Amino acid sequence: MAPPIYSALIISLGLGTTMTFASTHWYLAWMGIEINTLAIIPLMSQNHIPRATEASTKYFFAQATASATLLFASISNAFLTGEWDILQTPNTLTSSLITLALAMKIGLAPLHSWMPEVMQGLSLLNGLILSTWQKLAPLYLIYQIQPTNSNIFIILGLLSIIVGGWGGFNQVQLRKILAYSSIAHLGWMILIISFSPPLALLTILIYLLMTFSLFSSFMLTRATHINSLATTWAKIPILTMSTPLILLSLGGLPPLTGFMPKWLILQELTKQDLAPIATLAALSSLFSLYFYLRLSYAMTLTMPPNNPAGTLPWRLNQQHNTTLMALTTTSTICLLPVTPAITALLPL
Amino acid sequence: MTPAHFAFSSAFMLGLAGLAFHRTHFISALLCLEGLMLSLFIALSLWTLQFDSMNSASMPMILLAFSACEAGTGLALLVATTRTHSTNRLKNLNLLQC
């Protein structure tokens with residue numbers, strides 16, 4: 001794509017999210033979300049291959065419907081209460097409709113059907129933007145609704161954790177696995193957002209770190225299938241050490257960073273007398289752990305003298321820019337001992 | 001719920017049902033999307049007329065601009081889909097299944 005157009009689209013992506021972050025009026029927030037959607041469609045479909053076009057179409061429909069529903073709920077709220085302020089959204093039917101529209105925007109169950117297919121049709125870089133940057137604006141709006149009725153969030157969260165785990169069982173395509181992992185992690189965030197919004201913020205930040213590291217690892221070896229993971233030892237041997245640790249961190253195992261949000265969320269839910277829900281969430285995240293372990297197995301335990309799962313590739317001399325990836329991978333593996341500092345700094 | 005509120009709400013719900021249950025053609029889904037935007041335009045215009053507030057008089061026009069951009073994007077995707085998938089039937093969008 002020509003550099004002026006490419007930079008205009010990237011700047012528009014940044015502009016959209018910034019507008020939503022900076023707004024107190026529902027209309028301006030909706031405008032920021034629309035700009036985000038419109039800017040990423042050309043980025044997704046820039047190489048005119050059938051899969052990318054189909055993914056862009058499905059993404060466009062899901063996001064356009066969700067944006068229209070969001071604006072409709074805001075206008076209804078304005079007609080009923082006369083308020084356009086985001087922080088003053090009282091707890092009526094319209095705030096539930098706003099929550100459902102934003103849930104469709106980020107791909108929470110039961111409004112998640114577009115997510116695996118869209119992720120499958122995109123390149124890894126576009127999938128990274130979709131998983132990380134596009135989630136920020138709607139999550140910020142959900143954070144600001146300041147809900148008092150937690151039922152809808154608990155239902156959305158639990159359903160997303162279960163669907164995110166169960167749906168990824170039968171997948172061999174890495175991008176679909178990453179889509180289901182994204183659904184599961186967003187479920188954890190939404191579960192806690194009505195009880196302790198700073199904890200949801202912590203979960204978002206750690207999820208961003210982990211997802212960026214994993215996508216970067218896959219981008220280095222251009223891996224899109226589990227079989228492609230099996231030849232990583234021949235291309236970049238150090239990835240066979242770091243990527244399983246990133247995957248286990250995504251699964252939430254101590255002593256890696258991914259354990260921190262899950263631990264704090266389960267503690268908060270228990271304090272709110274919701275121990276059965278906490279148990280159900282913890283047990284459902286075992287589903288996700290299963291397919292992360294399957295990816296780790298494919299990467300590490302299929303080296304010679306075991307049977308390799310793929311043929312050896314040519315070793316070409318490639319330049320890899322891994323500065324940011326090194327930082328996020330280290331954070332993904334080593335940040336658990338910092339939990340007391342984070343607990344003290346965030347207003348938990 | 002005032003009659004005006006009921007009017008645009010029912011128009012929106014009809015359009016949303018049309019978008020959710022579209023069966024055959026891509027373009028009918030795009031038309032329902034335009035119907036949704038039109039009902040929202042009427043809602044914002046009614047806000048300005050009913051409450052006599054000129055503060056938000058520009059909202060329908062901005063909505064129209066965004067809706068036109070979205071319609072343009074939808075039509076560009078329709079053309080791209082027809083070029084790659086040879087038809088605009090929705091059953092043909094089956095490359096990305098499990």
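Q: A nonpolar core is a set of buried Ala, Val, Leu, Ile, Met, Phe, Trp, Tyr and Cys residues joined through side-chain atoms within 4.5 Å. In the largest nonpolar core, which residues touch the most other members?
A: This is a predicted model, where local features need pLDDT of at least 70, side-chain atom pairs count only at pLDDT 80 or more, and totals for chains, interfaces and linings use all residues; side-chain values use heavy atoms, with hydrogens and water left out. Residues are numbered from 1 along each chain as its sequence is written, while chains are lettered from A and ligands numbered from 1 in the order in which they are written. The core has 124 residues, and those that touch the most other members are Trp26(A), Trp30(A), Ile75(A) and Leu40(B).

Q: Which helix gives the largest share of this core?
A: Helices here are DSSP runs (H or I, at least four residues; strands are E, at least two), numbered from the N terminus. With 14 residues, the largest share comes from residues 50–81 of chain A, which is helix α3.

Q: How much space lies in the largest pocket?
A: On a 1 Å grid over the protein atoms alone, a pocket is an open set of points where a 1.4 Å probe fits, with protein on both sides within 12 Å along at least five of seven lines; lining residues have an atom within 4 Å of a point. The volume is what probe spheres set on those points fill. For the largest pocket that comes to about 810 Å³.

Q: Which residues of its lining are the closest to the centre of the largest pocket?
A: The largest pocket is lined by 28 residues. Chain A supplies Phe61(A), Ala62(A) and Met104(A) to the closest group, and chain B supplies Leu19(B) and His22(B).

Q: Which element supplies the largest share of the lining of the largest pocket?
A: At least two residues each come from α3, α4 (93–106) and α5 (114–121) of chain A, along with α1 (3–20) of chain B. By class the lining has 18 nonpolar, 7 polar and 3 charged residues, with Asp, Glu, Lys and Arg as charged, Ala, Val, Leu, Ile, Met, Phe, Trp, Tyr, Cys and Pro as nonpolar, and the others as polar. The largest share, 8 residues, is from α3(A).

Q: Which residues lie nearest the centre of the second largest pocket?
A: The second largest pocket holds about 320 Å³ of space. Its lining divides into 6 nonpolar, 4 polar and 3 charged residues. Of the 13 lining residues, the ones nearest the centre are Lys235(A), Trp314(A), Leu316(A), Gln318(A) and His320(A).

Q: Which elements give two or more residues to the lining of the second largest pocket?
A: Both belong to chain A. They are α9 (197–221) and α11 (232–235).

Q: Is Thr221(A) buried or exposed?
A: Thr221(A) lies in helix α9 of chain A. Beyond four places in sequence, Thr221(A) touches Thr232(A), Lys235(A), Ile236(A) and Leu239(A). Buried means under 20% relative accessible area and exposed over 50%, with partly exposed in between (1.4 Å probe, protein chains only). Thr221(A) sits at 6%, so it counts as buried.

Q: How far apart in space are Thr89(A) and Pro147(A), C-alpha to C-alpha?
A: Thr89(A), in the loop between α3 and α4 of chain A, is buried at 9% relative accessibility. Setting aside neighbours within four places, Thr89(A) is in contact with Trp26(A), Asn77(A), Ser95(A), Ile98(A) and Ile145(A). Thr89(A) and Pro147(A) are 58 residues apart in sequence, yet their C-alpha separation is 8.9 Å.

Q: What is omega for the cis peptide bond that joins Pro254(A) and Pro255(A)?
A: Pro255(A) is in the loop between α12 (239–251) and α13 (259–271) of chain A. A cis bond also runs from Ala109(A) to Pro110(A), with omega near 5°, and Pro110(A) is in the loop between α4 and α5. For Pro254(A) to Pro255(A), omega is about 0°.

Q: What is the positive phi of Ser86(B)?
A: Asp52(B), in the loop between α2 and α3 of chain B, has a positive phi near 55° and is exposed at 67% relative accessible area. Ser86(B) comes in the segment after α3 of chain B and is exposed too, at 62%. Its phi is about 70°.

Q: What ipTM does the model score?
A: Chain B averages a pLDDT (the predictor's confidence in each residue, from 0 to 100) of 91, with 99% of the residues at 70 or above. The pTM is 0.94, and the ipTM is 0.96.

Technical notes: Contact = heavy atoms within 4.5 Å.
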